[in-house]
Amino acid sequence: MLTNAPRGTKDILPDTVGEWNYVEKKIRELCARYGYEEIRTPMFEHTELFHRGIGEGTDVVDKEMYTFEDRGHRSVTLRPENTASAVRAYLQNKLYGDNALVKLFYIGSMFRYDRPQAGRMREFHQFGIEALGEENPMVDAEVILVAWDFLSELGLKDLKLSLNSVGCPHCRPKYRAMLQDYFRDKLDDLCDDCKSRFDRAPLRILDCKVDADKPFMAGAPKITDCLCDDCRAHFEKVQQYLQDAGISFTLDPRLVRGLDYYTKTAFEIQYAPLGAQSAVAGGGRYDGLIEEIGGKPTPAVGFATGLERVLLALEKQSLLPEMDPSIDAFVVALGESAQAKAFELLTKLRRAGLKARMDYAGRSMKAQMKQANKAHARFTLILGEEEVKENCVQLKNMENSEQEKVSFDHIIDKLKAIC
């Protein structure tokens, strides 16, 4: 039906948009403290960017992308995530020329064809950060701290941080071979997706939700047993910096995240009250992505969090603030000549920084006062034929019904003093 939004999308209506503004304000305040600057990338990119950036064999690329051919017969894709887009913007606009470390954040819509459920839509909104150009494990810790502080400062408690290292191109081939050796005689017991991942991306088997609880999964080799000296030292320093910051964590050798570009640090933050969909933020280091997309070898690390899921968590815990729907003044006009004067007054009120409305339909006094109540007006300014002649208004306090006559020339100053 034309009157229904597409499945997996949702209107954000006026009665809830204030909650989004509240969370987005927190994001901008937090990122300013940590020195991250906002970037806004296009909602669609060349499909090849995501094929190369996210990786073949991932669920995102194989199953979930919204890909189509434009009128120029080019394949384009609605962004399913924003890291690849941020890296493309970093390269195209030569942001690397300004500072060794470039710190970016974004808020925006992403698109994945998935089964809609609570906190997971086909159009969803992400907040994320990217720190590009620095390999120091302190930056890994900082990125994790931004994610942790964002969620905890919103009031969420009992957060759980899971941490892992997924190695690098030097040590991962050994682990890949060990996984294939381990799962080779278990192929018949794996789901069809994991069977196809066996040759292409065996690490993805550890990320499978279908096979996760099968007994043999617990005995799979751990990547931390295969780390090279550099990856091991890096991972130990990340852990130490987090401990120094007072952040507790759990080591999870099966945490590989769902995207191929991760190297070394991988992390996820869960919020248990959300149940099966408990992950509220995740990310890691991706030192090979910038080179894969066409730049020079450049270290980078980042994370993203789904805002729908964050808002759902805040709602469940009654942590969303009550929005103030009130306005300063409602202008009530009685009669045609009063309407013109009321509109003049309305304009002056708004230009003076006051929140003001009026009825444009010329309804009765009773109907207009009803509108004023519905708009949660603190005061009404009543103009009739007599008030127009006397160049004044009747100022009514809607809380205690007290009313006084105020000169038209002084009403702005009067309202600003009491609002």
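Helices, runs of at least four residues, and strands, runs of at least two, are assigned by DSSP and numbered from the N terminus. In this predicted model, the protein chain has 14 helices and 16 strands.

Along the principal axes, the C-alpha atoms of the protein chain fill a box of roughly 95 × 50 × 45 Å. The radius of gyration of the protein chain is 28 Å, whereas a compact globule of 419 residues would come out near 22 Å. Of the 419 residues, 49% count as buried. The protein chain exposes about 21,300 Å², and carbon and sulfur atoms supply 49% of that area. Among contacts in the protein chain with a separation of 6 or more, 67% join residues 24 or more positions apart.

After helix 5 comes Gly-155, with a positive phi near 110°. Because 13 of its 17 residues are buried, helix 5 is largely enclosed by the rest of the structure.

One is the backbone oxygen of Pro-253, reached at 3.3 Å; another is the backbone oxygen of Leu-255, which lies 2.8 Å from a polar side-chain atom of Asn-164. Leaving aside residues up to four places away in sequence, Asn-164 touches several others, including Ile-223, Phe-235, Arg-254 and Lys-264.

Finally, the cysteines deserve a look. Zero disulfides are found in a search of the whole structure. Cys-231 is in no disulfide, and the nearest cysteine sulfur, that of Cys-168, is 3.5 Å away. A disulfide requires two cysteine sulfur atoms within 2.5 Å. For Cys-226, the closest cysteine sulfur belongs to Cys-171 and is 7.9 Å away, so the two are too far apart for a bond. Cys-226 is buried, with a relative accessible area of 6%, and Cys-231 is also buried, at 1%.

Methods:
Residues numbered from 1 in each chain as written. Predicted model: local features only at pLDDT ≥ 70, side-chain atom pairs only at ≥ 80, totals over all residues. Heavy atoms only, no water. Buried < 20%, exposed > 50% of the residue type's maximum accessible area, 1.4 Å probe, protein only. Rg over C-alpha atoms; globule rule 2.2 N^0.38 Å. Contact = heavy atoms within 4.5 Å. Areas by Shrake-Rupley, 256 points an atom, 1.4 Å probe, with all protein chains shown as cover. Polar contact = N/O pair within 3.5 Å; in protein donor to acceptor, adjacent residues only side chain to side chain.
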